[in-house]
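Subject: Structure for your study

Dear colleague,

Please find below the structure that I am handing over to you. My notes on what was found in it follow directly after.

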Amino acid sequence: MGKKIKLGILGLMAGIALTLSACGGGGGGGGGTGDGQAVADLSFDVKILQSFLAGAFGAGIDNNNSGQVVGMSDNGFSIRAARWTLADANPQPTALEPLAGGEYSAAYGINDQGIAIGESEWDTRIVAAYWGAGETQATALATLGSAGFSAAYSINEVGQIVGEEVVDAEGNPVAIFWENNGAAPVNLGTLGGEFSSAYFISNDGVIVGEAEVASGGEVHAALWLPAAAASTYLPPVALPPLGGHIASVAFGIDGGGRVVGESQAADGSRHGVIWTVNTEGVVTTVQDLGRNTSLTGANTFDRVVGRSFDSTDAAWGTIWNSGNPEDVKIINAPSSQAYAVNDTTQIVGMSESRAFVALPQ
């Protein structure tokens, strides 16, 4: 599966550094779906979110509980980070501008305060950036000083941020943690290999992503637990692939503390996976959602989203109950991917290269 796993999952446009963030929260919860309704019984009104240009590329990557969606869209010159407000009758994208001198930007996460995070072109680099609540101009996040590529992928409700930064000439990134948007970055380390990336941080500070292991160069899903001292973390814990598989990655945490992601088989097929992990970081159970499924987002009520493939290899945006993965529902047309779900079960993603939102009815 390898470095920059989010590039492969989006698969949007060659030559542009695009990534994805999962959405959701940590904390308590059981195996239910919040309001007691089965996922299979849900119904959705699916709407396409407008792009900067009519019919142009767009992707909804994350959403908060305040009715805001962030992602990106083509403005005719470059890809630009976008924010949509669902309270509007026909939500139009607001451009989240890159850093001074840049053309490209992308937003991957937003919290309920409206702080968005992502990346922006800056001189000859792409660097981690944020947009304050209501702001449209990017501000750079601090880096380790490597002068390499960096990106921010997730922000939680207390303003903690995670992402990655390239630290060597070979392009290897390391997972990064920022206590807030004005803090110095913390290198989260690897599983003994050369690189790691952090894709999600829960509201209680648990981080998940991926990292190369020391032996054989495999890439495993990784989990970082907070240490006793502020802004510090214990060494990462590996969440191994399914038996016989070659790689795994984690993208989110549901309301029951379950880690969601995927495992890759040798033939390249992906299986959605739910790892149950105890407070010491020990994996207690692993659930395989089957061949050609992928989990990329979760909310605090045990609902997880991603995509599944039918017998014709068409991809469908899909929602599951992580407490009972057999409780599942297709939410959008073929060639779609759901990326994030908020606590009111509003789902965002991309359908045939257009951003969409699925609103529960």
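**Salt bridges**

Asp 254 and Arg 258 form a salt bridge, and their closest N and O atoms are 2.7 Å apart; the term denotes a side-chain nitrogen of Lys or Arg within 4 Å of a carboxyl oxygen of Asp or Glu. Both Asp 254 and Arg 258 are buried. Here, buried means under 20% relative accessible area, exposed means over 50%, and partly exposed covers the range in between, with a 1.4 Å probe and protein chains only.

Before going further, please note that this is a predicted model, in which local features need pLDDT of at least 70 and side-chain atom pairs count only at pLDDT 80 or more, while totals for chains, interfaces and linings use all residues. Residues are numbered from 1 along each chain as its sequence is written, and side-chain values use heavy atoms, with hydrogens and water left out.

Side chains of opposite charge can pair when their charged atoms come close. The count of salt bridges comes to seven. One of them joins the side chains of Glu 97 and Arg 80, at 2.5 Å from N to O. This pair links distant parts of the chain, 17 residues apart: Glu 97 lies in the loop between strand 5 (94–96) and strand 6, and Arg 80 lies in strand 4 (residues 79–85). Helices (H or I, at least four residues) and strands (E, at least two) are DSSP runs, numbered from the N terminus. Glu 97 is partly exposed, with a relative accessible area of 27%, whereas Arg 80 is buried, at 8%. A network of salt bridges links Arg 80, Glu 97 and Glu 103.

Asp 267 forms a salt bridge with Arg 291, with 2.9 Å between the closest N and O atoms. Asp 267 lies in the loop between strand 19 (259–264) and strand 20 (270–277) and Arg 291 in strand 21 (residues 283–291), so the pair ties together parts that are 24 residues apart in sequence. Asp 267 counts as exposed because its relative accessibility is 52%.

Ser 322 sits in the loop between strand 24 (315–321) and strand 25 (324–334). Ser 322 is classed as buried because its relative accessible area is 1%. Residues up to four places away in sequence aside, Ser 322 touches several others, among them Arg 258, Ile 274 and Gln 287; contact means heavy atoms within 4.5 Å. The C-alpha atoms of Ser 322 and Arg 303 are separated by 5.8 Å, although these residues are 19 residues apart along the chain.

Leu 359 belongs to strand 28 (residues 354–360) and is buried, with a relative accessible area of 17%. Its C-alpha atom is separated by 6.3 Å from that of Val 46, which is 313 residues apart from Leu 359 along the chain.

**Strands and sheets**

Strand 7 (residues 116–122) and strand 8 (residues 125–131) pair over seven bridges in the antiparallel sense, and Glu 119 stands opposite Ala 128 in strand 8.

Strand 26 (residues 336–341) is mostly covered, as six of its six residues are buried. Strand 26 pairs with strand 27 (residues 347–351) in the antiparallel sense over five bridges, and Ser 336 stands opposite Ser 351 in strand 27.

**The whole protein**

The C-alpha atoms of the protein fill a box of roughly 50 × 50 × 40 Å along the principal axes. Buried residues make up 57% of the 361 residues.

Yours sincerely

Note on methods:
Pairing = 2+ DSSP bridges.
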